[in-house]
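Thanks for coming, everyone. I have a few minutes and one structure to walk through. Please look at the screen.

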Amino acid sequence: MSFLIKGTLTDSNGNPLSGYTIRAFDEDAWFAFEDDDIGSAVTQDDGTFRIPFTKDAFKKPGELDEEEPHVYLKIYNESETFVQKTEKLTQPS
């Protein structure tokens, strides 16, 4: 099964933010496992980004079987300085 995270990063005035790195992680329920780094992308001139990934990115050997990832994002500016961590993402209805 494949997944796609896509979005647009903007400032508080709605202006697109380009050159920012968006890293996606799957939150693991068990404290013994590190959250899975499932992919990253750099925002385009219009602030958009796309991060495709498959089940293999969030299901590692020894982990409990997950049907769907529990994804959150970490955002880094153009200087690779951490800016923000999001809440867990939800699927659009």
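I will go through strands, then salt bridges, then one loop.

First, the ground rules. This is a predicted model, where local features need pLDDT of at least 70, side-chain atom pairs count only at pLDDT 80 or more, and totals for chains, interfaces and linings use all residues. Residues are numbered from 1 along each chain as its sequence is written, and side-chain values use heavy atoms, with hydrogens and water left out.

Start with strand 4, residues 48-54. Strands here are DSSP runs (E, at least two residues), numbered from the N terminus. Which side chains point to the buried face of strand 4? Phe 49, Ile 51 and Phe 53 do. Buried means under 20% relative accessible area, exposed means over 50%, and partly exposed lies in between (1.4 Å probe, protein chains only).

Strand 4 has a partner. Strand 1, residues 2-8, runs antiparallel to strand 4, with seven bridges joining them. Two strands pair if DSSP finds at least two bridges between them. Lys 6 stands opposite Arg 50.

Now strand 5. Five of its six residues are buried, so strand 5 is largely enclosed by the rest of the structure. Six bridges join strand 5 to strand 2, antiparallel. Arg 23 has Lys 74 as its bridge partner there. On to strand 6: three bridges link it to strand 5, again antiparallel. Tyr 76 sits opposite Phe 82 in that pairing.

Next, salt bridges. That means a side-chain nitrogen of Lys or Arg within 4 Å of a carboxyl oxygen of Asp or Glu. How many does the structure hold? Two. One joins Asp 37 and Arg 23, at 2.5 Å, N to O. Asp 37 is in strand 3 and Arg 23 in strand 2, 14 residues apart. The other joins Lys 88 and Glu 27, at 3.3 Å. Those two are 61 residues apart: Lys 88 follows strand 6, and Glu 27 lies in the loop between strand 2 and strand 3. Lys 88 is partly exposed at 45%, and Glu 27 is partly exposed at 29%.

Last stop, the loop between strand 5 and strand 6, where we find Asn 77. Its side chain reaches the backbone nitrogen of Ser 79 at 2.9 Å. In this hairpin, with five residues between the strands, Glu 80 takes a positive phi near 65 degrees.

Methods. Helices (H or I, at least four residues) and strands (E, at least two) are DSSP runs, numbered from the N terminus. A polar contact is a pair of N or O atoms within 3.5 Å; within protein, one must be able to donate a hydrogen and the other to accept it, and residues adjacent in sequence count only if both atoms are side-chain atoms.
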